[in-house]
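Here is a short briefing on the structure shown below. It is grouped by topic for quick reading.

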Amino acid sequence: MSILEQLISGLTFPNLYILLPEIIVLLTAFIVFVLELLSKSKFSITIITTVGLILAFLSTSIIKEGGVTFYGLYLVDTFALLFKAFLIMGTLFVVINFRPYFDAKKSYYGEYYYLTLFALLGTMIMVSSPNLVTFYIGLELSAVATYILAGMFKRDYKSKEGAFKYLIIGGTGTAIISYAIAILYGRTGTFDTLEIAKQVNLNNLDYGVIGGLILLIIGLALKASAVPFHHWTPDAYEGAPTPITAFMATVAKIATYAIILRIMVEAFPFVSKEWALAWAILAALSMIIGNIIALKQENVKRMLAYSSIAHTGYIVAALAAPTGIGISALIFYSLIYLFMSVGAFITLSALEKTPGWTNHIDDFKGLAKKNPVVALAMLIFMFSMLGIPPTIGFMGKLNVFLALIGSNIWWLAIVLVVMSIISAGYYLRVVVYMYMYDPVKTSRHNLAPPEVVTIGIMAIVVLFFGIYPTFFYDISTTVTSLLIASIGR
Amino acid sequence: MTVEFINAGTPWITISILIPLIFAGILFFASERLAKPLSIFASAIVFLITTYMLFAYDYSTYAIQFYEKYEWIPQIGVNYEVGVDALSLTMVWLTALAFLVSFIWSTNIKKRIKEYFIAFLVLEAACIGVFVSWDLVWFYIFWEAMLIPMFLIIGVWGYAERIYAATKFFIYTFFGSLFLLVGVIGMYVYQYFEKGILSTSYFDFIQLGLPFKLEIIFFLLLALGFAIKVPMWPFHTWLPAAHVQAPTAGSVILAAVLLKMGTYGFVRFSLPWFPEASKYFVPVMFALGVIAIIYTAMMAISQTHIKRIIAYSSVSHMGFVTIGTFALNMEGLNGAIITMISHGFTSAALFLAAGWIYERAHSYELKDLGGMAKFVPVFATMFLISAMASAGLPGLSGFVGEFLALLGTFKVSILTAVLAGLSLILGAGYTLYLYHKSMFKESLLPPEKIAQWEKLKDMTFSELLSFLPLVIMMFVLGLYPAWWIKLIETTSAAILSKIIGG
């Protein structure tokens, strides 16, 4: 056998079957990319993207058995599949709202579609990486695509400023993560999360591991916009086109939460006390700063940006309790956060098409009179974010509470309580302005069909699963037990 | 304490929660004209169902009746578990009555009629849910869900300062209930570690046997949530604001139903769950109760706004409920529950009266009123009966409960009983002051006022219809309290069984 033959026989063909969702998303992205150059019809791009995403979503349910492929660099397990399904779904609901929004803003380009698809692909790679390098590739892919997306309003100063800030700070974040990976590699000699876990267990803690872990946590916190690494978030969210903000605040965020969980649980299970404390502090800071600054915001979009920082706090607070309950609380909350957040941001994007709408809180005056259905949906999203039953947001917070009190972390539970009360101040304000003031502007709000569908579905999901959360409990506890079982893999 | 359950043949309770919700859904698509009749229809059905339950309830032994239980979130041990004992049942019935009355009353809502009735129907479902849930997660869901419609009712259909009042109401209550949630979760977690069961059922918590220290902590956490809702002094400041700004029907519900949730919470949860802590905190509760009774009675006398007087009188009456509850004996608890029911009738009627006056005279201020009685005799009579019942005139409903509560308190602490009893005089004082200033005082009236009053129309049929059930019930409860006491006696005994043995 020649050397070449030996080499080839050593190669195994990647298991493409379990990569089906990624392949579909990638192909769609390429088709859209080419079509955007050749065709004048933007509508066909919308259709193809939508169909591609629907197919990708369906394909996640075809995969019966997960597996590791690409020589152990790519892992498809229940955890990854679950998050992929929700990421694709979130993107789908965002993407169908591009057309009406960008049409109204007179900047309807095909770039939005394939960049979003690439960003989605990046997040999908992120959640199914058993390996820090794969994770890094996925992170970069999604980050670079999102930097461009955030700055797509080329003539708008705020959009450019936000994108630039996002680029600089996000770039710093990825740099920090790459340092962390390098240090961890230097100490443990491996990129694989499970191998790192074994090494950390054998050698216990030393400066190398601690340094790597700290840098990794900082980098991940920056990507998840936890305080004190949140400074890019308000500007990037406010400046970006609203559907893109919806994408950044949900899909990119949720993938980050998922990968934080995965890396922490898989690579550092034996030092869980240490990282739990670190995340607890980050969570407390995010809740406090996010909520208090959100109180002072006059611009609803910016307020929602700060509220998303606060929600990062609520979600990573679950990591302070590195138990089964904590993990499942994090999964539960990240999944349901998708619905409320997409709902709220798409409501904003639908309203923003109205001439003269600036997202200022005064613009919401009397919305309930002019458009009762949208106002009702926004009310549901606001109360869900505030955590009032019978919305799903309450169940999310309830789980985090359970996890915290179950692990005897009372101080963080109290911070969560107090900050939830403070958050009532700004969420209620939106409701007050919508319902309790008379309209000042007479302009009509025209909603495109996809927007009606998205807002309606999100509101119904938030309410229905608030009353019947069993489904989400089911998936989050199942995935948690599988994730914990995989530690000894 | 082992509890018996009598399963419901027909799920009446679930039906009475669902009917308002279903009708709220129908209203969303129905035309504005149908809003009122449909709401009255829905609440009438609920009222009939609860009345049926009131008579079908077997009060000879203590059992949870009309009991339903379905699995809901098995992963964390939460079930949908509803049922009634006499305490829940009377409260549910009161809720149904109060909503029926306020729907009949709500004729002159001018803006957003549909939304108004939808908010009220959702509120009704949540209020009933609070009183019938035996699963703590469901209890909390209803307890909080009630905030949303009430917030909108005050904020959208209220008077000038409505937004401030609505926000204050919301944030106060939300603040308290989050601590309630922390307490419940703390107990849940403790239960899991001690007994290894995941359950949020009331009946599992009751058998927890907490150590004294934890009992104190959980008692305080829960008490904060309940005390704000009651409201007990010094957490009462949201109430006058909310009452003054709320529309008439909103005030009626607030006084007749929402305030009861706090005292219901004390009776239902604090006493059986934390018997030792309850005993420990008796002096504190007595002190807060007496302060509430006397301080708010004095506040009531110094007000000039009708609704504010009634609002403060509510806080004062709730003080009686508090001391009656924490007398921790049968008389006291029976008295507290009867006072809760009676206050439901009287405060609802008084707020209706205030609303009526505002509609005719366009003012709540005492200085703009007076001398009306001669021209509107029917209304004056109704108002007088309600005011007297509220002041505790024997023969009317207010007397029975306050008498029993004082009797129970007297057995425990003479000083408390004397102080609370003295304030009955204050109670009579502000009620008479309110009635005198608003209805009599003719001699001081300028002639143009008399001319204005001469044109007043007396009560319309629908107004009378909403007053009558309340007034009739004041007489029924006042003249024949034995039936009611028999109804609640077994329940009171069961609730106190951990404290006084038995």
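**The S2–S3 hairpin of chain B**
- In this predicted model, four residues lie between strands S2(B) and S3(B) in their hairpin, and B:Gly77 there has a positive phi near 70°.
- S2(B) covers residues 63-73, and the two strands pair in the antiparallel sense over six bridges.
- B:Lys69 has B:Glu81 in S3(B) as its bridge partner.
- S3(B), residues 78-84, has five of its seven residues buried, so the strand is largely enclosed by the rest of the structure.

**Backbone points in loops**
- The loop between helix H9 (212-229) and helix H10 (238-245) of chain B holds B:Pro231.
- The peptide bond from B:Val230 to B:Pro231 is cis, with omega near -15°.
- B:Pro234 also sits in the loop between H9 and H10 of chain B.
- A cis peptide bond links B:Trp233 to B:Pro234, with omega about 5°.
- B:Leu328 is not a glycine, yet its phi is positive, about 55°.
- B:Leu328 belongs to the loop between helix H14 (306-326) and helix H15 (330-361) of chain B.
- B:Leu328 counts as buried because it has 22 C-beta neighbours inside 10 Å, and the cut-off is 20 or more.
- A:Asn408, in the loop between H18 and H19 of chain A, has a positive phi near 65°.
- A:Asn408 has 12 C-beta neighbours inside 10 Å, so it counts as exposed.

**Helix packing in chain A**
- Helix H4 (residues 78-95) and helix H12 (residues 242-267) of chain A pack at about 175°, with axes 9 Å apart.
- H4(A) and H12(A) are therefore roughly antiparallel, since the angle is over 145 degrees.
- On the H4(A) side, the contact residues include A:Phe79, A:Phe83, A:Phe86 and A:Gly90.
- On the H12(A) side, they include A:Pro243, A:Phe247, A:Ile254 and A:Arg262.
- This H4(A)–H12(A) contact has 12 nonpolar, three polar and one charged residues.

**The largest nonpolar core**
- The largest nonpolar core has 401 residues.
- A:Ala317, A:Ala318, A:Leu404, A:Leu412, A:Met434 and B:Ala348 touch the most other members.
- Helix H15 (residues 324-352) of chain A gives the most to this core, with 20 residues.
- Beyond its neighbours within four places in sequence, A:Met434 contacts A:Phe364, A:Leu367, A:Ala368, A:Ala375, A:Met378 and A:Leu379.

**Where the chains meet**
- Contacts join 22 residues of chain A to 27 residues of chain B.
- On the chain A side, helices H18 (392-406), H19 (410-436) and H21 (470-485) each supply at least two residues.
- H19(A) provides the largest share of that side, nine residues.
- The chain A side has 17 nonpolar, four polar and one charged residues.

Terms used. Residues numbered from 1 in each chain as written. Chains lettered and ligands numbered in written order. Predicted model: local features only at pLDDT ≥ 70, side-chain atom pairs only at ≥ 80, totals over all residues. Core = buried A, V, L, I, M, F, W, Y, C linked by C-beta atoms within 7 Å. Contact = placed C-beta atoms within 7 Å. Nonpolar A, V, L, I, M, F, W, Y, C, P; charged D, E, K, R; others polar. Axes fitted to C-alpha atoms, helices over the stretch in contact; angles between N-to-C directions. Parallel < 35°, antiparallel > 145°, perpendicular 65-115°, else oblique. Pairing = 2+ DSSP bridges.
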